[in-house]
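Subject: Structure handover

Hello,

Here is the structure I promised to pass on. Please open it and keep it beside this email as you read.

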Amino acid sequence: MFKQLYHYLCRQNPYLMTKPVEGFSKWTKEEKIDWIAAQYTLDPEAAKTLLKSYLNSDAKLQQLHDEFIENTITNYYLPLGIAPNFLINEKLYAIPMAIEESSVVAAASRAAKFWLDRGGFKTDVLGTEKIGQVHFLYQGDVAKLRAFFIEIKDKLIADAAPITKNMEKRGGGIIGVELRDKTSELENYFQLHCAFETLDAMGANFINSCLEQFAQTLQREAKNYDAFTEDERNIEVVMSILSNYVPNCLVRAEVSCPISELTLKASISPKDFANKMVRAIEIAKVEPHRAVTHNKGIMNGIDAVVLATGNDFRAVEAGIHAYAAKDGRYSSLTHAEVEKGVFRFWIEIPMALGTVGGLTNLHPLVKLALEILGNPSAKELMQIVAVAGLAQNFAAVSSLVTTGIQEGHMKMHLLNILNQLGATESEKNILITHFKKNTVTHSAVVEAFDQLKSKS
């Protein structure tokens, strides 16, 4: 009786019969698919069919994707859209955006079109310095450590010369290395705080290689430093790693126009609109609950372009959110003001991007996205990405202070709801026409769909 019950439960819940697996990474893709489907899905054959349907029929292209990461079993698609009409520093761009959320590309496009006839977006890169740190513990006389650092500083840079040689030829390299005493925050904790210029490369591998060399030099030279005691010579390097917080790798993007040109909605005067925009930004500056959602909307635009161009959107996210809290309170990344009859709206954010290396040289769609953008330098890409974030925020906040966010968002979300309901193409066409004049909510769409089905 117990055995029958167990087998019944296993059929209902496959997780009951799973066991640890050995050597998974060495299996073929087919073996991995068979195993995951058999062990973790309720309908293994359907799961295998689904996974295989997303594989590319071009074997060479599929192998390229397989080798981006480990233990691949299929491809996971995101839509790649285009937001046209972005006038940036007098140059017209169509911006590729990879994102799953409806209304984001449409909102960015609307903002781009609105500002196209009002001078477009102006941008400027304020700095490109990237940071890495060697974190270490030292127990002893701090004055001696400072003297030791001064003595070995040139040696640190000289020992890294084989790593920096090619980067220096292109105009980059190590900008500076300084000793920082962090013992007020953590006992015996010090760091080598290092600045780098990596040009068009994001530079993670370059920076980490330099830092690991610094750590080796630091420990080796400490062993031979006569002024140290035996204990002081035993510097413990905890880790050597780049930082994704890059407050000096900074870009600014802005738009401005006379208040009289802020004619977005007939229901609100340009002056009232400008004042509401400024107040909305002020609220996001002082209220963290609002600021998080406000900045999430900005990241809708930023992440979509970062992802489309093969860059690390998690690193960009982490650095930008840290910057949003740099003054001790999480706050808005965008700013707005009205002065002398002119409305100004701008953003200033840090981000480390690359246009060479990594996926930028491997992923065919990343290559194409960069080609669409005119094969920009890392500096140019920073500006494009910042503009995408600013445009997205302008679209979102302007909706919030006028019609509300749901009107536009739900109309864009309509197709998702209809697809979930299994609507046919003819049913979609009928309901899309219906909701051009009616408010879109999930319940309203379900009701209209049910009524349509009942008539057929």
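This is a predicted model: local features need pLDDT of at least 70, side-chain atom pairs count only at pLDDT 80 or more; totals for chains, interfaces and linings use all residues.

**H2 and H3**

Start with helix H2, residues 29–40, and helix H3, residues 44–53. Their axes lie 8 Å apart. The two helices pack at an angle of about 140°. Angles over 145 degrees would count as roughly antiparallel. This angle therefore makes H2 oblique to H3. The crossing of H2 and H3 is right-handed.

Which residues meet here? From H2 come Glu30, Ile33, Asp34, Ile36, Ala37 and Ala38. From H3 come Pro44, Ala47, Lys48, Leu51 and Lys52. By class, the contact of H2 with H3 has 7 nonpolar and 4 charged residues, and no polar ones.

**H10 and H11**

Now go to helix H10, residues 270–286, and helix H11, residues 288–308. The axes of H10 and H11 come within 6 Å. They cross at roughly 115°. The range from 65 to 115 degrees counts as roughly perpendicular. So H10 is roughly perpendicular to H11. Is the crossing of H10 and H11 left-handed or right-handed? It is left-handed.

On the H10 side, the contact uses Ile281, Ile283, Ala284 and Val286. On the H11 side, Pro288, Arg290, Ala291 and His294 take part. The residues of this contact divide into 6 nonpolar, 1 polar and 1 charged.

**The largest pocket**

The largest pocket has a volume of about 1500 Å³. It is lined by 45 residues. Closest to its centre are Phe68, Leu307, Gly310, Leu359 and His363.

Which helices give two or more residues to the lining? They are H4 (59–66), H8 (204–223), H11 (288–308), H12 (313–324) and H13 (364–372). H8 gives the largest share, 4 residues. By class, the lining has 25 nonpolar, 18 polar and 2 charged residues.

**Val105**

Last, find Val105 in helix H5, residues 104–116. What does Val105 touch, leaving aside neighbours within four places in sequence? Its contacts are Ile82, Ala83, Met97 and Ile99.

Then find Leu390. Val105 and Leu390 are 285 residues apart along the chain. Their C-alpha atoms are separated by 13 Å.

Best wishes

How values were computed
Residues are numbered from 1 along each chain as its sequence is written. Side-chain values use heavy atoms; hydrogens and water are left out. Axes are lines fitted to C-alpha atoms, for helices over the stretch in contact, and angles run from 0 to 180 degrees between N-to-C directions. Angles under 35 degrees count as roughly parallel, over 145 as roughly antiparallel, 65 to 115 as roughly perpendicular and the rest as oblique. A crossing is left-handed if the near helix is turned anticlockwise from the far one by less than a right angle, and right-handed if clockwise. Contact means heavy atoms within 4.5 Å. Ala, Val, Leu, Ile, Met, Phe, Trp, Tyr, Cys and Pro count as nonpolar, Asp, Glu, Lys and Arg as charged, and the others, Gly among them, as polar. On a 1 Å grid over the protein atoms alone, a cavity is a set of points where a 1.4 Å probe fits but cannot get out, and a pocket is an open set with protein on both sides within 12 Å along at least five of seven lines; lining residues have an atom within 4 Å of a point. Grid points are joined across faces, edges and corners, and a volume is the space filled by probe spheres set on the points.
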